[in-house]
Structures are given as C-alpha cells and as structure tokens.
Number of protein chains: 2
Amino acid sequence: MTHLLLALLMAAGPAQLARQWRVAHEKEIVAELSALVAIPNLASDKVNIERNAAAIAEAFTRRGASVKLLRVEGAPPLVVAAMDGSRARPTFTFYAHYDGQPVDASQWISPPWEPVLRGTGSEARLYGRSSSDDKAPIVAMLAALDALRAAGAQPSVNLKFVFEGEEEAGSPHLASYIAQYKSELATDGWLLCDGPVHQSRHSQLYFGARGVTDLEITVYGPARPLHSGHYGNWAPNPIVALTHLIDSMRDADARILIDQFYDDVSPLTPAEREALAAIPPFDDDLKRELVLGRTEGKLPLNEAIHQPALNLRGILGGHVGEKASNAISTEARASIDFRLVPVQTPERVRQLVEAHIAKHGFFIVRDEPDPATRRAHPAVARLVWGAGYPSARTPLDAPLSRQVAAVLTEATGVAPYRLPTLGGSVPMHLFTDGGRTPVVGVPIVNHDNNQHAANENVRLQNLWDGIEVFAALFSGLR
Amino acid sequence: MTHLLLALLMAAGPAQLARQWRVAHEKEIVAELSALVAIPNLASDKVNIERNAAAIAEAFTRRGASVKLLRVEGAPPLVVAAMDGSRARPTFTFYAHYDGQPVDASQWISPPWEPVLRGTGSEARLYGRSSSDDKAPIVAMLAALDALRAAGAQPSVNLKFVFEGEEEAGSPHLASYIAQYKSELATDGWLLCDGPVHQSRHSQLYFGARGVTDLEITVYGPARPLHSGHYGNWAPNPIVALTHLIDSMRDADARILIDQFYDDVSPLTPAEREALAAIPPFDDDLKRELVLGRTEGKLPLNEAIHQPALNLRGILGGHVGEKASNAISTEARASIDFRLVPVQTPERVRQLVEAHIAKHGFFIVRDEPDPATRRAHPAVARLVWGAGYPSARTPLDAPLSRQVAAVLTEATGVAPYRLPTLGGSVPMHLFTDGGRTPVVGVPIVNHDNNQHAANENVRLQNLWDGIEVFAALFSGLR
C-alpha cells in the first residue's frame, strides 16, 4: 500500500478504513469467528469453557495486547486484554461474554457448535450457538484492531477488553471478580457489546439493562403416577396446581399480579422519554415479522421493556402427543425468568414472590420434599432460585453517553437510537460502581438472531458494520 | 392324582381346586405371563401387535378352544376363542385387551417389555407394560382353564373369550367389529376383566365405566423463539396463554367450569347409592399411601368417580431445569383426557369444550395454522380430538349382576364390593347393545399397579386370586 493511499484512507476516517480492510479479509474474519463458535461454551462445561478463554487470550496476544486470565474459585476465567498507550489518556473497557445459553440440539437445523454459513447476499448468516451472543462482537473487535494496525493507526485511548465466561449462567462470580481485581479492571467507562441492534436494523445504543433472576418451581401430585380414570378429579393433578399458581402470578396481558411488585419501579426521566419518542414506531412491522396476532398488554415494545416482566421459560408435566397417557403425573415444573427495572432488586422480588406463593396455599421447600412433608401440607412447592442481579441505568447526558453517540453518528452518518434500558439483561450494575462509572451498551448483532434459542445466527452484514463501529470507537473516543 | 382326591377337590369347589393346581404350577404361569408381556404391544406397532394376537390365539388353541382372528381394515385383530358345550346352556363372554399404553422408557427402572420379578412374599410383582393391564387377566383365564381341565371339570356354560388390540388407543374399531361380526360375538352377557380390584385389596365388581375422550391443544407464540429480555411482556408467551385457557376450563378442586358441562350427568339410583355406601371408607388410607396432603374437591373417591373429570395428561412448552433458557417459545401444548358419566357423550362434550375455547378468545384450527391465520387472530388453538366413547351402566339388580356377585361371594367367602361405575374407561357401551345385554366388570389386578404409567406391575397374589375367580365363574355361572 502506498503512503498516499494510506493517507487517503485515514482521511476518510477509521470506519471507511475498516471497511476497506474487511472487504479484503472477509474469509479470514469468518474463519476466525467460526473457529471460536466451534468451541462448545456452556459455562458449566469446565473443559470447553477454558478452551474458549484460551482461544480468546491467544487472539488478543497475537494482536499485541497484554492478556491475563483472572481467576476466582469455581468460575470460568475472566479474560482481560489491555492495549495501553499513554497514561495521560483515559482507559475505556469493552465487555462481552464468551459463554452461551444451553442448547436443545434436537431443535437445531445444524449442530449448535458446528458453525455453518447459510443465506446469500445481505442475508448471509453464520449459524451456531453464540455466533451472535457474544462471539461476533469479540471477533469484530479483533478485526477492527487488525484494520487499524494495518493502516498504522493508534487507538486514541487506552483500550481494555474484558470477556466473561458465565454471563448466560447469571454472572454469579462477576461481583467477586470486580471486588478482587480492582486495578486490573479499573476504567473510565465501560462499553458493553452484548445484545442486538434495533429491529429495524438501525444502529442503537443502550444505557441501562433490565436486571434478571430466575426461579424453578416444582409442585407435587401423587407419589406414583395414577390412572386418570380411577383417580381423576380426586387425586390432585400437579399440572393443574401449577397452572393455577402461574395464573395467579401474572395475567395473559403481562401484568404481574404479585402484591407490591410494581412498588419499586422508577418512572423514566423526561430525557429518557424523549429518547424513546425519537425511535420511530416499528411494532406493526415486528408483529408481521414474528407472526403475532396480538401483543401482551397495550404498551409498545420499547415502553414494555421499561417495565418488569415475568416470563415462562418452560413448563413440563406428564406427556403430550404420542407419549401422552391417561395418567396423573407425580410432579409438574415451571421455569420462570423475571426481568427487573430500576430500582427493583432480586432479593426483594424473591421475598414478594415467595410471599405470594405461600399466600396461594403452598408450603415452600428448597429440596425434594419427603413424604411426611408432602402429607402434612395441602400443596408443596419446591423453589430453586438462580443467580440474579438488579438493573442499572447510566444517564443519557453523561459525557461518555454523549461521546459514544457522537462517534457513531460521525462514523455511520446517522444518529443511533438511544434506548434508556435494554430489554435483555447484562450485569451492568456491577460495572457502574454505584453509579460512579458510566456504562454504555454498543450492540452490533442482528435482532433476528435466535439468541438463547435454537439456530442462533449472526448476519454477516452486522458483523461487517460492527467492525466499523469498533474501529471508529477505538480511534474516536477521547 | 387318585379319584378320591379329585372328588374331594371338586367337593371343595373350583376355587380351591384352582388354588391347588396353581400352587403346583406357579413357575409355568409366571413364565407364560412373562412371555406375553415380553411382546411390545402398542396398538400402533403393527408388527408386534399381531405377534400378541398370535400368541394369545395359540395359547387358547392349545387349551382346546376354537379360535378366530376377526379383522376389520386398519385395526389389530380381535381374538375370539370359544369353548362350546351344550347349545342349551347360555354363553358368557370374557373380555380383556392385549394392547398397552405408550411408554416413556426413560422413566422405567427396567425396560417396559423386558418383564422382571421384584419383591418377595405376598408383595412379589412382575414388572412390565401390560403385566396388569390386561395381560394378567388373560393368563389367569388360561390357568383357570388348565386347572379345570386337570381336574376333568367341564365349564358350566359356553365360554367365549374376546381380546381387543387397541383398547388403550380408544377402541376406534370395536364398534365396527361388533357390527360386522354379530354371530361370532353373540352372547348372553359380558364379563369385562379390565381394571383393578379395590384399593383395600378387597374383591370388587363394577357395573359401569366412565366414558372417555381426549384432546390435544396447541397454542402459538412468536414464529421463532424470542429472547425473553428483549421481548418479554410484549410478545405473547404461549405457555401463559395455555395456562389461562386450562384454568378457565377447570378449577383446582376438579370442578369443570365449561358451560352446561354437568347438564347431562344422571344422578345415581338408590340401589347404586346403597352399594356405594356398603364400601367401607378408605380415602384416608389411600391418601397416606399416595402421599397426598389434599384431594381435589370434597367428594370421597368413590363418589368423585361418578362425576365427570377433566384431567391434564401432560403439558409442555419451552424447557425446564438445566435446559431452560431465557426465551419465549413458539408454542405450548397440553394433552387432556375427559372422563364421562351417564348420559354424557363425546360428541356433546366436544361441542361444549370447543364453544368454551372459542368464547375464551381462541380461533380454532385442526391443522398447523399458516402465518396468515396466526396474524389474523389474537389467539389460535389447534385442537386434535382422539377417539372416544360414552359411559355405560348395567343395573345392579340385573340377573347377571346378582349371579356374578353370588359366585364370587361363595368362592372367596366374602361379598365383593359393588361399584356402580368404574373410574376408568372400558368400552362397555358397545357391549350392552343398547342396554339389552348385561355387562359386569370382574377385575383381578392390584390397584397399585402403575397401569398407564412407568413401572407397571402385577402383584402375583392378585394373579393367583384371579385364577380362582375365573375357575369359580367358569364352573359356577348358569
């Protein structure tokens, strides 16, 4: 490359420079993402989760970063990569996670950890667990570093990268990491690269995220499966007990019926309302795309996600279809996730939910109840809570909030939508250090990526655009 | 055996004779039952269901019966075995079925079609699908015939045996068989040998059976699984739609909430109430045995089963436990069986249920709905009804009803309990020929046999007692 060409490219800006570089290296970028997606990445899969961390560490080391694998007992390592320039400059930290949601392989068209390209043109996508959530952002950062290095461009700030290995398991050790590794994780601001762009494909920033906690409820029927003819309408059917309990907790229009559940919900600020109002309506498009004949409740999506949610992740009791038999089953289970908004806390939600379940006539246990316990109470519910965390929100007018929006506007030519709170959960609250450190979400992946479900994918065009976004931020943050 | 001993045994009665014979041949009897249980017997498993029919035909042929395999298109054969004596005598027909309920092999301690003995003494049991329901009665009949033949005793009536191969699939072709083979199936009365004895282990007769019909409901969420954070409390969760629909159909105390559902329920006659009252209370024992802290509703079991029931056979949506992910699933399914009492009909029940579901806001479809249908309606329910049939009841004071009770009282020394209607379903209505032919249920197997569920078993003592019951009936009916 001639010096003249290089100078022209730099003048055209880091995003354009990254695009040129990407166009010439698409195959290598997809190959690097595929290699990473091919490593199974359940947080509980101790062997493979280490392989993911090692692969990411190696990739950043190769780009000249100084990399550490931080460790706390019983957790996957936290990968920290630093590219330091001058001490006088601020340090900004880009976060993503390398673990993925559990898979039900039977529902995947191709195996979850055997990445495969499908589709053509602007709809070409790479399929595989975590192809979007969050391995695409990680590889986009690597490609942006490559593009800048190829052009001889230096980052404008000290860059730090932090990759977590158990975000999809509820980030149970992230607080320990942050407490234990204060200097390694010190930063002037976080950029969280989890989550999708707007459903219209417009770029989008988020400044908060809903909190989350999850609950597995098991309710009990007879000690052994019973013939539904000989015992039906006498022996308690656990499925019916469970459906009535669920329905007592929320209505079909998303309203949570648990006493005091909305007491801790803070209203949006005028600036937040304004940012929401600036996002064009798109619910009708989305209803068409998702084949919906209705939505729950009356709020448009962007307002709905600023409310708490009680979602049924799953329900299981007895058998349906070919395997259904005329029996009353011994138990029924439901898995629920709660989404929390400021200033709800998982602790308070647990209190309220348990009070509700007890009020609804269930004796609450933590382990499999013994026969004496089951006989002694009309209804017994075993509750198992997952790890959880509260929501968080950085003000829209914080300096980092304004700066990131400005860099993206310049790089892409359009102002990104600004979502006060992402509907999904990222452990933003841990990064804010009690509100002292600004945290901005910079998602790059497509919304229709099936994240958390079968056939997760990343649209390659989103990967390409993401490389430009990161190149612009690496060069444009001050 | 000396002539004197034989004469003594006959004087002691056919039940005692059968006992002597059984004690000397337990191994062979269990071996014959095991061989029969070892043949997989789903009605839909065309190859194996024929093997069951052939094995039973061979066993009755070997005992000197003239055997026919009756056939109607698309159904397993109806095995009919006749042991004719004099034309002047009446003919009584013993019915059982040789097919079994579907299995979920993962829930069985030992494979469902690999029979195995477990337990000792009076609690020794043979485990395997249909060990109780209904292969034990079939083998008990064979052993009773052997015992009588060994003693040179002739049946007191013309005996006929009819074995059905798709009772657990709802007997969809039994009506065709009965219409098509009038002379082969002509009889003066039916003895149905399906179902269990009383929970106290006391012998029991039944004179009616609840009817049955089943329904699979599928409701729909988004076209693809959605992230529960980004879409939770906006995109309709199909599990929640389903739980609300179920709860609108019945309360947690077994009361069915569907309009007019109880309009066709006939009250019991005074004689039926009296027979019920003669059965000692046992609900508390049963609650203890089944580890129940409550029952549904306030009726004791024997009264409850004289009411209709709506039982949830299964429910499934999304995932629970380790496989649960933070997603909104695309559909949720429930499988329901209805138990009907005189004079409810499946047709009327279907009408009422569908009117209820429609009133509850669901657009009803029969096949997988296309996207246009799903977009056009706030809620869509796919309904798939199984085959069904109504209940039936023979009067307690019919001659055959009195005769069977008297033979059992003499053979066992105690009067059997008389249940006007069995809680379970047998297609009794088809046998009654519009009320002209008496039908009495003569169950032999243990109540705690896990029939229709995993680890089905027959208690050997029940098998032994059953042999005596059949020997007494074969020799004592007039």
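Reader: Is strand β12 of chain A, residues 309–318, enclosed or open to the outside? What do its residues show?
Author: Ten of the ten residues of β12(A) are buried, so the strand is largely enclosed by the rest of the structure. Buried means 20 or more other C-beta atoms within 10 Å of the residue's own, with C-beta atoms placed from the backbone; 12 or fewer is exposed, and in between is partly exposed. Strands here are DSSP runs of E with at least two residues, helices are runs of H or I with at least four, and both are numbered from the N terminus.

Reader: What kind of model, and how is it numbered?
Author: This is a predicted model: local features need pLDDT of at least 70, side-chain atom pairs count only at pLDDT 80 or more, and totals for chains, interfaces and linings use all residues. Residues are numbered from 1 along each chain as its sequence is written, while chains are lettered from A and ligands numbered from 1 in the order in which they are written.

Reader: Back to β12(A). How many bridges join it to β14(A)?
Author: Eight, and the two strands run antiparallel. β14(A) covers residues 331–340. Ile315(A) stands opposite Ala334(A) there. Pairing needs at least two DSSP bridges between the strands.

Reader: And which strand of chain B pairs with β12(A)?
Author: β12(B), residues 309–318, in the antiparallel sense over five bridges. Leu316(A) has Leu316(B) as its bridge partner.

Reader: How many residues does each chain put into the contact?
Author: Chain A gives 86 residues and chain B gives 86. On chain B's side, β12(B) has the largest share, with nine residues. That side divides into 39 nonpolar, 30 polar and 17 charged residues. Contact means C-beta atoms, placed from the backbone, within 7 Å. Nonpolar covers Ala, Val, Leu, Ile, Met, Phe, Trp, Tyr, Cys and Pro; charged covers Asp, Glu, Lys and Arg; the others, Gly among them, are polar.

Reader: New topic, helices. At what angle do α13(A) and α15(A) cross?
Author: Roughly 125°, with the axes coming within 9 Å. α13(A) is residues 399–412 and α15(A) is residues 460–476. That angle makes the pair oblique. Under 35 degrees is roughly parallel, over 145 roughly antiparallel, 65 to 115 roughly perpendicular, and the rest oblique. Axes are lines fitted to C-alpha atoms, for helices over the stretch in contact, with angles from 0 to 180 degrees between N-to-C directions.

Reader: Which residues meet there?
Author: Val407(A), Leu408(A) and Ala411(A) of α13(A) meet Glu468(A), Val469(A), Ala472(A), Leu473(A) and Gly476(A) of α15(A). By class, that contact has six nonpolar, one polar and one charged residues.

Reader: Now chain B. What is the strand order in the open sheet of three strands?
Author: β4-β5-β20, with antiparallel pairing. The edge strands are β4 (116–118) and β20 (457–459) of chain B, each pairing on one side only. Neighbouring strands are turned by 25° against each other on average, direction ignored.

Reader: How many bridges between β5(B) and β20(B)?
Author: Three, linking residues 125–127 of β5(B) to β20(B). Leu126(B) has Val458(B) as its partner. Helix α4(B), residues 131–150, packs on the sheet, touching β5 and β20 at about 50° to β20(B). Helix α15(B), residues 460–476, touches β5 and β20 too, at about 65° to β20(B).

Reader: Leu460(B): buried or exposed?
Author: Buried, with 22 other C-beta atoms within 10 Å. Leu460(B) is found in α15(B). Leaving aside neighbours within four places in sequence, Leu460(B) is in contact with Ala124(B), Arg125(B) and Leu126(B).

Conventions
Two residues are in contact if their C-beta atoms, placed from the backbone, lie within 7 Å.
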